[in-house]
Amino acid sequence: MHLLVVDDEETLRSVVSQVLTADGFKVSEAASGEEALEAFRSGSHPLVITDIRMGGMSGIELLTKIKEHNPDTQVVIMTSHASLDSALTALRAGAYDYLVKPFESLDLISAVAGRAAEKARLVAQNRELLEQLTRANEDLQEANRALKEMAVRDGLTSLYNHRYFQESLAQEVARSKRYDKRCSLIFFDVDHFKHYNDTHGHPEGDRLLKGLAGLLTANTRACDLAARYGGEEFVLLLPETGKELALNVAEDLRSRVAEHPFAGGETQPLGRVTVSIGVAGFPEDGADAAALLSCADQLLYRAKNEGRNRVVGG
């Protein structure tokens, strides 16, 4: 352990340094409080042994500044019999212990320094353990956040999954009821998706669904909730949005999909990848979540029956 001995009397400073060096410490010396503070700030000294009375900065002042810089540093004060009151003041200010000059025995220096060094080691170990526990707790929290996110996401598209959508829809409809707000639901699926899978294979079908999810995410507001309902079906929940605006959003989505150069789109019956969309609004199309979803689903099937690649809103 690297410690710092501070005293403006060279002889006493040298004696203390020799004793502690013999005990196996790495010792640095300083002839004043100012010099000691500079050395302390530029290096690592878990233990400082300082005289209480020196020209310029006193040992008490040095103790205070050291504790401000690093509260874990252990400080031992050296004082005379005539200054025991000052030593008690130092203890109240955070000193670990004190030594009375002249020393009754050099072994006393070793004993006090040894105890202070052990305290410094324990404090450092506790600090490291606390930091390790803090890091482990942060890692655990991050892992839990990741697991929680995975639990509500669809594995293929990374959109929210069916269960999370159902919970969110129920909450949004309840909130809209309570605060007399409006919300809308866009329900759509890929036209002739089975034909696409049969023609290009399921891996290409998966790529199509992921591309469609990316297009959906890139063109929705942060407050909107996009989810994969199942298979090739998707839903978009629009909070505080009336049906008229939702129809505009749906039409924009339909045209973006139709214009997007999805691979293999030219082999589809309509000559491109398209979607059919049903749009329902709360409260006019359903008084609760189940009714709203059922209405959007029925409107989606109307869009399919009327020729696909279209938006139907009632």
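Let's start with a residue tucked inside: cysteine 183 is buried, with a relative accessible area of 0% (buried is under 20% relative accessible area, exposed over 50% and partly exposed in between, using a 1.4 Å probe and protein chains only). Cysteine 223, at 47% relative accessibility, counts as partly exposed.

The structure holds zero disulfides, a disulfide being a pair of cysteine sulfur atoms within 2.5 Å. The sulfur of cysteine 183 has its closest cysteine sulfur in cysteine 223, and because the two are 12 Å apart, they are too far for a bond.

## About the model

This is a predicted model, where local features need pLDDT of at least 70 and side-chain atom pairs count only at pLDDT 80 or more, while totals for chains, interfaces and linings use all residues. Residues are numbered from 1 along each chain as its sequence is written, and side-chain values use heavy atoms, leaving out hydrogens and water.

## The largest cavity

There are two cavities of 30 Å³ or more. A cavity is a set of points on a 1 Å grid over the protein atoms alone where a 1.4 Å probe fits but cannot get out, and its lining residues have an atom within 4 Å of a point.

The largest cavity has a volume of about 50 Å³. Its lining includes Leu216, Asn219 and Arg256, and divides into four nonpolar, two polar and two charged residues.

## The second largest cavity

This cavity holds about 30 Å³ of space. Among the residues lining the second largest cavity are Asp191, His192 and Pro269.

Note on methods: 1 Å grid on protein atoms, 1.4 Å probe; cavity = no way out; pocket = protein on both sides within 12 Å on 5 of 7 lines; lining within 4 Å. Points joined across faces, edges and corners; volume = space filled by probe spheres on them. Nonpolar A, V, L, I, M, F, W, Y, C, P; charged D, E, K, R; others polar.
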